[in-house]
Every structure is written in structure tokens, then in C-alpha cells.
Amino acid sequence: MIKLKDILLENNPPNLLIPRRIEGRVEKYVQSVIQKYIKDGSKGGLNLSGLKLTKLPSNLKNVSVDRHFDCSSNNLTSLTGAPNSVGGYFDCSSNNLKSLDGAPRSVGNFICSGNPNLTSLVGAPSSVVGDFVCSYNPKLTSLDGAPRSVGGYFDCTHNATKFTIEQVRAVCDVKGIIYV
């Protein structure tokens, strides 16, 4: 047993706080969250934001999320493995996405803002029940792949190209306001 007096009198105290292995902890945590969500009947939302994920777990691919799915603020370069459908909002903002391939086919709202490598909207859902937000993407130069219909507003402000309302209407039937 080490006595406090001995520790204080030594020039090189022993390392009492040995760091634990952290490799794989995030992955295990994410898997446990997803497994619990599926076990509970896929009710409610699923939040995987801010976990430094580089890819989405493969067991999400065949899941339908009842409310929201948030995978924002990670290091994702692809949406491969994303849920098939999301009843509420799907938020993949603030990642490193290069394309929207793998995005859900059916969503309430879709948010893909703040992706510094996104150049087009190819892979986005073909129809969005609510709002579609693709703002603050510094390399977004094309509306190719934009949804054919948006039930709410369409926000494409602060991108590499300053899009016009006419350009948005040429590719998408927007029921709400168009922000350019």
C-alpha cells in the first residue's frame, strides 16, 4: 500500500492515474444507442450529433426513424447507411459531405448546411414534406439533384453560387418561401 507521506516525499511520484483505452468506445456507444432504438420500436428521434463519426453505422440502413435523425457536427463524408425514411427532420449539417448519396428517400425536413465539400444536391430526397435547407455550403455551385417538390420553404442562401428564385423554381416545386 502506498502511503500519502511517501508520495509527497518522493521526487517522482508514481502514476496513480493510468489512462484507460478509449479506442472503440464511441462506436460501441453508437451501436448500443441504435440497438436500443430498434428494440424500443423505432419510436421518437435518434441523435448521433457531435460524436466525430466518419461514417454512419450500417445497421441504420433499414431503419425508419419516427421523428428526427440528427447526424450533424461529425466528420461524415458520405450518407451511406442513413435511415430509409425520417418522419421529422434529417440534419446532416456541419460535416464534410461530398455528396448527398445515401440520404433518406422520405423526410419531413432536410438540412444539409455547412458542408465545405458539397458541390451539388445529387442524392437529396426527391420530395420533402416540409423545409429544405442547403445554405452555407462554400462549394455548392449547382442545384442538380434538388428535390422535385418541397412543401415548406427552400433556403439556398450563402453558397458559392448566388442562386435566383427562377433557378430554384426551374428544378423544384416549392410551396413556401424561397430564400436566395
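How many bridges join strand 4 to strand 5? Keep that in mind as you open the model.

**Before you start**

This is a predicted model: local features need pLDDT of at least 70, side-chain atom pairs count only at pLDDT 80 or more, and totals for chains, interfaces and linings use all residues. Residues are numbered from 1 along each chain as its sequence is written, and side-chain values use heavy atoms, with hydrogens and water left out.

**Stop 1: the whole chain**

Show the cartoon. The chain has three helices and 11 strands. Helices (H or I, at least four residues) and strands (E, at least two) are DSSP runs, numbered from the N terminus. Follow the chain along its sequence, and the pattern reads α-α-β-β-β-β-β-β-β-β-β-α-β-β.

Accessible areas come from the Shrake-Rupley method with a 1.4 Å probe; for residues, only the protein chains shown count as cover. Of the 180 residues in the chain, 40% are buried. Buried means under 20% relative accessible area, exposed means over 50%, and partly exposed lies in between (1.4 Å probe, protein chains only).

**Stop 2**

Select residues 85-91 and 106-111. These are strand 4 and strand 5, which run parallel and are joined by five bridges. That settles the opening question. Two strands pair if DSSP finds at least two bridges between them. Pick out Asp91: the residue opposite in strand 5 is Ile111.

Look for Phe110 and its bridge partner, Phe132.

**Stop 2: the nonpolar core**

Select Phe69, Phe90, Phe110, Leu121, Phe132 and Phe154. Of the 41 residues in the largest nonpolar core, these touch the most other members. A nonpolar core is a set of buried Ala, Val, Leu, Ile, Met, Phe, Trp, Tyr and Cys residues joined through side-chain atoms within 4.5 Å. The elements that give two or more residues to this core are helix 2 (25-39), strand 4 and strand 5. Helix 2 gives the most, with three residues. In soluble globular proteins, nonpolar side chains tend to be buried together.

Which residues does Phe110 contact, leaving aside neighbours within four places in sequence? Among them are Phe90, Leu100, Pro125, Val128 and Phe132. Contact means heavy atoms within 4.5 Å.

**Stop 3: Val26 in helix 2**

Move to helix 2 and select Val26. At 34% relative accessibility, Val26 is partly exposed. Not counting residues up to four places away in sequence, Val26 touches Leu51 and Leu53. Try the distance tool on Val26 and Leu51. Their C-alpha atoms are 7.1 Å apart, although 25 residues separate them along the chain.

**Stop 4**

Is Asn137 buried or exposed? Asn137 is buried, at 0% relative accessibility. Colour its contacts beyond four places in sequence, including Cys112, Ser113, Asn115, Leu118 and His158.

**Stop 5: two salt bridges**

A salt bridge is a side-chain nitrogen of Lys or Arg within 4 Å of a carboxyl oxygen of Asp or Glu. By this rule there are two. Start with Lys36 and Asp40, where N and O lie 2.8 Å apart. Lys36 is exposed at 52%, and Asp40 is partly exposed at 43%.

Then select Asp173 and Lys175. Their closest N and O atoms are 2.9 Å apart. Asp173 is partly exposed at 39%, while Lys175 is exposed at 60%.

**Stop 6: the surface**

Select Glu166 in helix 3 (residues 165-171). Glu166 is exposed, with a relative accessible area of 58%. Its C-alpha atom lies 9.8 Å from that of Ile178, 12 residues apart along the chain.

Finish with Tyr153, Ile177 and Tyr179. Together they make a nonpolar surface patch of about 280 Å². Patches are made of residues with over 30% relative accessible area and no salt bridge: like charges are joined within 9 Å, nonpolar side chains (Val, Leu, Ile, Met, Phe, Trp, Tyr) within 5 Å. Tyr179 sits in strand 11 (residues 178-179). Tyr179 is partly exposed, at 37%.
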